[in-house]
Amino acid sequence: MIEFELPDGIKNLKKMLNGLAGGIMRKWARWADDNEHQRVDEWTNLMWNAMKGMGTSMFGASGKEKKPGEQKEGEPKKIGTRNIQLAVTVEELGWGDAGLYLAMPSPGLGGAAVAAAGTPEQRERFLKRFSEGKPKWGAMAITEPGCGSDSAAITTTAVRDGDSWIINGEKIFVTAGKGAAEDSEGLVVVWATVDKKAGRAGIKSFIVDHHTPGMKVTKLEHKLGIRASDTAAIIFEDCRVPFSNILGDPEVKAGFKGVMATFDATRPMVAGNALGIARASLEEVQRLLKEAGVEMRYGVAANNLTAREKDVMMMEAQLKASRLLTWKASWMADAGIHNNMEASACKAKTGKAITWITQKAVELMGPLGYSRKLLLEKWMRDGKINDIFEGTGQINTLIVARRILDYGRDELK
Amino acid sequence: MNARKTWGIKAFETAELKLDNLEIPAENRLGGEAGCDFKRFAALCWAAQTAMAAGVGRASFEYARGYAKERVAFGEPIAHRQAIAFMLAEMCWEVDATRLLSWEAAWELDVKKPDAFKEAYLAKLYGDQQVVWITDCGLQILGGHGYIREHPVELWLRNGRGFAAFEGMAIV
């Protein structure tokens, strides 16, 4: 039997998070947009304490839970709820404010990579910190000035030197990079090549602890949206990390596939967050129309709908379609089913849908939508990033296309 | 009663029916004294039609995918080009999205969720739009060969175009 019901536990969490998002996130949303890169201490401390109380398992990184592959043989296959819970969580926080969500102290994408690809020892060593002490951030450093989506072209190097790796290179567009590297006792996961001749097989990821000598934040970007979030440029200059900080298998072989697999877990979460922003826009439009006495007539023959009804209903349908694809990809991850194609499909679809939905919301409200009186124009700016980061819409479409055609990179560039 | 010629779904006869002071027994009333829940009936139809739209779209997607891998132009299969491959990728996830919307609406109707009527309606609006887009892409990928009747993609476009026109009456 197919079921679309969320478990009670997740429903309760959603309700609780919605209260938090509607209260404190919305209260600070405009201020944080106007004051780029400035931390909202009330939000930071509140989220940090809440996360510590609940355990960071909320963000899939307690380091304790078994991954599907680690289940004992003969043990009945269990479908978990970690990914679907996370998708619901990030939707509520995106609904509150996407910038503050990205700026909150959390293991972030770096922590997610450790949770997904780290050894049990690494998970214990690097993830425990996110449930104790002062607020901390985790970050993932992939993009370089000369490569974005083409992450196999990475030029940052990691050279083995006895019991250490020495990292050299420049990384840009690191979400929460300053929080992770300098403002807290966090960590940055850095992608680097251990053997340039080996191409993508030589790409590995390394965990670099906060304040490691040789790691320096050089710049914070000014952006269209998600301004509460710090997007950092980081330089690594003879940055030495212990040998055991390499994520996954140190051998040069199929390593790239390993690091790329992280995206199968994170892309549905980016989509999930986008759903929250799109929903906020839709609900605001619905609220304003209701106030103006305009009722949506569900059930009317399509040829009798007004242009406005058609727009609002299609916003709603697009949002639902995106959410179903996102939840499907998340559910597959929970069931231990390979979801590479579905993770990219939901991300590409939702990126496109949120761009359309949030722009439509501004358009439908006319000058009011374009003004700063409401948050609609901000949500349009915040929303667009979801069509770009964690793989642009085009890259994710390419991944889906290769999957359905059973093509490699030589057949479909 | 006159059978009407249609653009698509020709196997399914569409006729004009005239009722001129027709008397029928009272017990023929659908649902008896209580009558039938027409809103629920409409919602069930919408969920089913959305599923059909997913099926028509899927047929066209699968056919176009197979064709694009075989059809050679400029020395390689046309599926090697992003202009074709990206269309196929989007067709694929839109078939999936349409299917999931129909399943969710059907499930809501099964467990009698209060929002089932609205969900089924939104699913159908979405499916109506997508099936036309998907089957049009399917035809486009085959180009001139898709326009002639040797391949089924033109039939699926004609059939797909029908969904938005089914149930033209206002029911609320």
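**Figure 1. Surroundings of A:Phe243 in the predicted model.** In this predicted model, A:Phe243 touches A:Arg160, A:Asp163, A:Ser164, A:Trp165 and A:Pro250, not counting residues up to four places away in sequence. A:Phe243 sits in the loop that runs between β7 and β8 (246-247) of chain A. The residue is partly exposed, and its relative accessible area is 24%. A:Ile166 is 77 residues away from A:Phe243 along the chain, and the C-alpha atoms of the two are separated by 9.3 Å.

**Figure 2. A:Ile226, a residue with positive phi in chain A.** A:Ile226 lies in the loop between β6 (215-220) and β7 (231-242) of chain A. Its phi is near 35 degrees, which is a positive value in a residue other than glycine. A:Ile226 has a relative accessible area of 6%; because the limit for buried is under 20%, A:Ile226 counts as buried.

**Figure 3. B:Asn21, a residue with positive phi in chain B.** The loop between β2 (14-16) and α1 (38-70) of chain B holds B:Asn21. Although B:Asn21 is not a glycine, its phi is positive, at about 50 degrees. The relative accessibility of B:Asn21 is 76%, so the residue counts as exposed.

**Figure 4. The two domains of chain A.** Chain A is divided into domain 1, residues 8-247, and domain 2, residues 262-405. Taken over C-alpha atoms, the centres of domain 1 and domain 2 of chain A are separated by 24 Å. On the domain 1 side of chain A, 41 residues take part in the contact, and on the domain 2 side 34 residues do.

**Figure 5. The largest nonpolar core, with A:Trp43.** The largest nonpolar core has 115 residues. A:Trp43 and B:Leu88 are the residues with the most contacts inside this core. Helix α2 (residues 82-110) of chain B provides the largest share of the core, 15 residues. From chain A, at least three residues come from each of domain 1 (8-247) and domain 2 (262-405). When neighbours within four places in sequence are left aside, A:Trp43 is in contact with A:Leu20, A:Ile24 and A:Met25, and also with A:Leu93, A:Leu100, A:Tyr101 and A:Met104. A second, separate core has 23 residues, including A:Ile167, A:Ala176, A:Val208 and A:Ile246.

**Figure 6. A:Met332 in helix α9 of chain A.** A:Met332 is part of helix α9 of chain A. Its relative accessible area is 7%, so A:Met332 is buried. Apart from neighbours within four places in sequence, A:Met332 is in contact with A:Ile337, A:His338, A:Asn339 and A:Glu342. A:Met332 and A:Ala343 are eleven residues apart in sequence, and their C-alpha atoms are 9.3 Å apart in space.

**Figure 7. The second largest cavity.** Three cavities of 30 Å³ or more are found in the structure. The second largest cavity holds about 70 Å³ of space. From chain A, its lining takes A:Leu325, A:Lys328, A:Met341, A:Glu342, A:Ala345 and A:Val400. From chain B, the lining takes B:Cys92, B:Trp93 and B:Asp96. Two or more lining residues come from each of these elements: α9 (307-334) and α10 (340-364) of chain A, and α2 of chain B. Sorted by class, six residues of this lining are nonpolar and three are charged, with no polar residue. A:Glu342, one of the lining residues, is also among the contacts of A:Met332.

**Figure 8. The second largest pocket.** The second largest pocket has about 750 Å³ of space. Its lining is made of 25 residues, and those nearest the centre of the pocket are A:Lys320, A:Arg323, B:Glu104, B:Asp115 and B:Glu119. At least two lining residues come from each of α1 (8-34), α8 (255-291) and α9 of chain A, and from each of α2 and α3 (116-142) of chain B. Helix α9 of chain A gives the most to the lining of this pocket, with six residues. Both domain 1 (8-247) and domain 2 (262-405) of chain A supply at least three residues each to the lining.

Definitions and conventions:
Residues are numbered from 1 along each chain as its sequence is written. Chains are lettered from A and ligands numbered from 1 in the order in which they are written. This is a predicted model: local features need pLDDT of at least 70, side-chain atom pairs count only at pLDDT 80 or more; totals for chains, interfaces and linings use all residues. Side-chain values use heavy atoms; hydrogens and water are left out. A nonpolar core is a set of buried Ala, Val, Leu, Ile, Met, Phe, Trp, Tyr and Cys residues joined through side-chain atoms within 4.5 Å. Buried means under 20% relative accessible area, exposed over 50%, partly exposed in between (1.4 Å probe, protein chains only). Helices (H or I, at least four residues) and strands (E, at least two) are DSSP runs, numbered from the N terminus. Domain bounds come from an automatic or database domain assignment. Contact means heavy atoms within 4.5 Å. On a 1 Å grid over the protein atoms alone, a cavity is a set of points where a 1.4 Å probe fits but cannot get out, and a pocket is an open set with protein on both sides within 12 Å along at least five of seven lines; lining residues have an atom within 4 Å of a point. Grid points are joined across faces, edges and corners, and a volume is the space filled by probe spheres set on the points. Ala, Val, Leu, Ile, Met, Phe, Trp, Tyr, Cys and Pro count as nonpolar, Asp, Glu, Lys and Arg as charged, and the others, Gly among them, as polar.
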